[in-house]
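Trainee: I have a structure open and I'd like to learn how to read it. Could you take me through it piece by piece?

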Amino acid sequence: MWNTYNMKNTPTVLCGLFFFSLLQVACVPLKEVHAFTESSVQTLENDHQIDYKYADYCWDSCYLFNTSGRQLADFDCNCGQDEKYDSIVRKEYDVLSDYFTALGKLAGAGSYFNFAPIGDAIQEGTYGNLTVTANEAKVVNALATVATDLFTTRYKSKKIKEILEKYHDTVAIAMEIMQLHIDNLKSRIGLMRTKLQQRGDLLMAGTSADGEKWGIVYTYKQKYKELGRVMATYDKRYQSLEKIKQGHQALFENVNDLHSEGLKKKILGFAYDIIYINNH
Amino acid sequence: MGTVNDAAFANKLGHFYQNMADGMGQFIHTQIGTLPKDKVTSLTDQQNQLINYANMFFTLSDRIAFEESETYFKGISDATDDIDKAVKEIKDVNKAINIAAGLITLAAAIVTENGSGIVSSLQTIAGAIKS
């Protein structure tokens, strides 16, 4: 076959190469999807950085909701169940993180059909009756590279479509469950702050000594601020999960047109939003 | 066993009672100096009840969500396995391409009676098969 390849055919081959290049522009790699999944994974892995979880809440609430210090001395807070909740939530974050990592691998540059070795195997020279010129070898190598992108992009789009159609609902509900956990815990911390304020008010009203008042106000303010910081962290986590959920929804809604400019802009927007929320 | 919607509903009820408790807390906070002691006691008792209800609903919401979560997170693990399989398929095809490339080079080396080329392409093929 290769003996039909000679210099006079080179322009035809180059035209073919140009055509393939045009196709390649139409089938750009899924780098926006990859950027979105990367920022999602980063967020999901950030859960390790929140150092106030169910068990911490359990210990704090155990003391704050009990009004008598005398009773507390022998009080068993029993936070075993909350420690279990923490480990379940951790696993849930890991499962979601694995999912987006895998999706990113499929969409990203790391998973390409590599036709380049075939291109590399064609070198200029004379093989019996077969002559391959330097130009022809170069064209074949370039075509192999283009084929890599074309085949891979088509394969990836098809697979991503299959995955999104089959699992989108499951992912969306799982994200809702994560958000519920976040909101429930954050709200219970908020209730603890309300209780803290109530106790501060009652103690302040019950004493006239300045020293005691200062001690009450100081302790109250410190704990109020600490809990406020934890709630703000959970707020951020909730917002970034919302963006991940919306991004996944956008992918699902545009599953038949993963290369549309509109979707690319939208998905990159979600990726930037997630990064912004995490860093501010 | 409830559904995720039940968990969301319990969460909403929790927020309703939480808002009531917060409102009452603000009232106590601003009026505590002017209210009689028995009135303060009565109001704080009521606020405590509202806090307890809110806590109860948030706890219920979490319990339902945790019961439900196993099904959905198992589904996501299945999705991850499917994607990993797809990525592995790419790797397998790459392996086939590498073997084919080695065979083409080997053919060229045989045609040109290039001894060292034959050896190196055989090594390439062996390496591609092993990978």
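Mentor: Let's start with a helix pair: the axes of helix 1 of chain B and helix 2 of chain B come within 8 Å and cross at roughly 160°. Keep in mind that this is a predicted model, where local features need pLDDT of at least 70, side-chain atom pairs count only at pLDDT 80 or more, and totals for chains, interfaces and linings use all residues. Residues are numbered from 1 along each chain as its sequence is written, while chains are lettered from A and ligands numbered from 1 in the order in which they are written.

Trainee: How do I read a helix pair like that?

Mentor: Two packed helices are described by the angle between their axes and the distance between the axes. The axes are lines fitted to C-alpha atoms, for helices over the stretch in contact, with angles running from 0 to 180 degrees between N-to-C directions. Angles under 35 degrees count as roughly parallel, over 145 as roughly antiparallel, 65 to 115 as roughly perpendicular and the rest as oblique. So helix 1 of chain B is roughly antiparallel to helix 2 of chain B.

Trainee: Which kinds of residues make up the contact of helix 1 of chain B with helix 2 of chain B?

Mentor: There are 20 nonpolar, 8 polar and 2 charged residues in that contact. Ala, Val, Leu, Ile, Met, Phe, Trp, Tyr, Cys and Pro count as nonpolar, Asp, Glu, Lys and Arg as charged, and the others, Gly among them, as polar.

Trainee: What is the overall helix and strand count of chain B?

Mentor: Chain B has 3 helices and 0 strands; both are DSSP runs numbered from the N terminus, helices being H or I of at least four residues and strands E of at least two. The radius of gyration of chain B is 35 Å, well over the 14 Å from the globule rule for 131 residues, so chain B is more spread out than a compact globule. That radius is taken over C-alpha atoms, and the rule is 2.2 Å times the number of residues to the power 0.38. Along its principal axes, the C-alpha trace of chain B spans about 110 × 35 × 15 Å.
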